[in-house]
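Keep the cut-offs in mind as you read.

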Amino acid sequence: MSKLTSGKLAGLRAVSNEKGVIAAAAMDQRGSLKTSLAKEKGVAEMPDSALVEFKELVTDVLTQHASAILLDPEFGLPASKLRHGKGLLLAYEKTGYDAATPGRLPDLLDVWSVARLKEAGADAIKILLYYTPYEKTAVNDLKQAWIERIAAECIAFDIPFFLELVGYDVHGEGEKGLGYAKKKPEIVSGSMSEFGKAKYGVDVLKVEVPVQMEFVSGTKAFKGEAAYTRAEALEHFRMAASVTHLPFIYLSAGVSNPVFIETLELAAESGTTFNGVLCGRATWKDGIAIYAKHGAQAFRDWLESTGVENIENVNKALKSAHSWFDKVGVKAEALV
């Protein structure tokens, strides 16, 4: 692959640990977090100030145990000042999607650009894209062109581009059932294969694991209905990893901490060369109710005990992650 420019290399180093593994926390949730906080508090809506404070608390406590934090520029910039010198990824896309329009089309934040995000302190730019190879060609053409534009912006400002790919069911049947679980390996592999192409200018793929853990027989997460045996699941991990030469990291996709740890153990067992994680809800999700019902100090106390324990569990599982140095053609000693 082509050699990284100095700016992209510096940005990648800033969000990684000394081994070249990305051990990052994610706190860029907006709409879904606001909804969850309001539900737990029993109110119609939470003020924006609650989102800002929640993000500040998570960032202040968890970045002490992470290589970087992913935040959004809408509510997360105050939190970015509390990151203990760790790397900063900023989200560039609007939260959610317009459910009234088919295809889960993406959109960028109105008053932001890569230039402005970099000026706000970003070491890397993150974009979330809902994508499935099963979608209509016209829809995927739109999404592919959109990614090419963002890549051009990131190249112009010499900053790494992290693309987060999230699959979905084109028939609207949802992503929780057995049917989707069976399609998921192809959705993940197909998406990684497409956006691993040089024309998209992506530096790091942030991807889902290619299986739904509750449908993997022989795991602790298994709930009784099988989409794959453990051996098949391991093969799906290997297959997805084999379709790209790019560095890739796993997202936690809202699963519990124990399920995410078991997922990373499965990835390690499969021998994939994954390069870290961007892990959000698997570390702080269970604290939403505590913040909503008992306030900021109770949430901080929870983060400093259970939240830290959760992220340290992830860090232990990351011992099997691989450095991205080899994938981008740099030697560790050259980075010292």
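Q: Are D203 and K8 buried or exposed in this predicted model?
A: D203 is buried, and K8 is buried too.

Q: What makes the contact of D203 and K8 a salt bridge?
A: Their side chains come to 2.6 Å, N to O. The cut-off is within 4 Å, so the pair qualifies.

Q: Why does the pair of D203 and K8 tie together parts that are apart in sequence?
A: D203 sits in the loop between α7 and β6, while K8 belongs to helix α1, so the linked parts are 195 residues apart in sequence.

Q: Why is R30 called buried?
A: Its relative accessibility is 3%.

Q: Why is E74 called partly exposed?
A: E74 has 40% relative accessibility. Buried is under 20% and exposed is over 50%, so E74 falls in between.

Q: What makes E93 and R30 a salt bridge?
A: Their closest N and O atoms are 3.3 Å apart. The limit is 4 Å, so this pair counts.

Q: Why does E93 count as buried?
A: E93 has 5% relative accessibility, and the cut-off is under 20%, so E93 is buried.

Q: Which residues are linked with R30 in a network of salt bridges?
A: The network links D28, R30, E74, E93, K126, E164 and K206.

Q: How many salt bridges does a search of the whole structure find?
A: The search finds 20.

Key. Residues numbered from 1 in each chain as written. Predicted model: local features only at pLDDT ≥ 70, side-chain atom pairs only at ≥ 80, totals over all residues. Heavy atoms only, no water. Helix = DSSP H or I, 4+ residues; strand = E, 2+ residues; numbered from the N terminus. Buried < 20%, exposed > 50% of the residue type's maximum accessible area, 1.4 Å probe, protein only.
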